[in-house]
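Reader: I'd like to learn how to read a model like this one. Could you walk me through it?

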Amino acid sequence: MGDKPKLVAFGICFVHERTFAFNPDTVITVPIDPATGLPPDMGGDAGRAISRPICDVCIGKINPMRIKRGLDAIAPAGDQGS
Ligand SMILES: [Zn+2]
């Protein structure tokens, strides 16, 4: 008891393209160039990029690839479903 009520939103993870539940205050979003499907630090155009939500499961799958390429890991929000 005493926990603040959480907001729950549903959106589509841009990686696995399925609906997932998340807290809109803490969900991780990644800028994605809709023309290439890539974030600017992986070759997408920063000027066209729009923020897209990503689920914790996909963050866990993507981070090893980002680290291998010398990019920073994305920190998961930690309170999402998938
Ligand atoms: Zn996902």
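Predicted model: local features only at pLDDT ≥ 70, side-chain atom pairs only at ≥ 80, totals over all residues.

Reader: Which residues make up the largest nonpolar core?

Author: A nonpolar core is a set of buried Ala, Val, Leu, Ile, Met, Phe, Trp, Tyr and Cys residues joined through C-beta atoms within 7 Å. Buried means 20 or more other C-beta atoms within 10 Å of a residue's own, exposed 12 or fewer, and partly exposed in between, with C-beta atoms placed from the backbone. Here ten residues qualify: C13, F20, F22, V27, V30, I32, I54, C55, C58 and I59. At least two come from each of β2 (19-22), β3 (29-32) and α1 (56-68); helices (H or I, at least four residues) and strands (E, at least two) are DSSP runs, numbered from the N terminus.

Reader: Which residues of β3 are on its covered face?

Author: In a regular strand, side chains alternate between the two faces of the sheet. In β3, V30 and I32 form the covered face, while T29 and P31 lie on the uncovered one.

Reader: And where is the kink in α1?

Author: A bend is the angle between axes fitted to the seven residues ending at a residue and the seven starting there. In α1, a kink of about 30° lies at I62, shortly before the proline P64. Buried residues of α1 are D56, C58 and I59.

Conventions:
Residues numbered from 1 in each chain as written.
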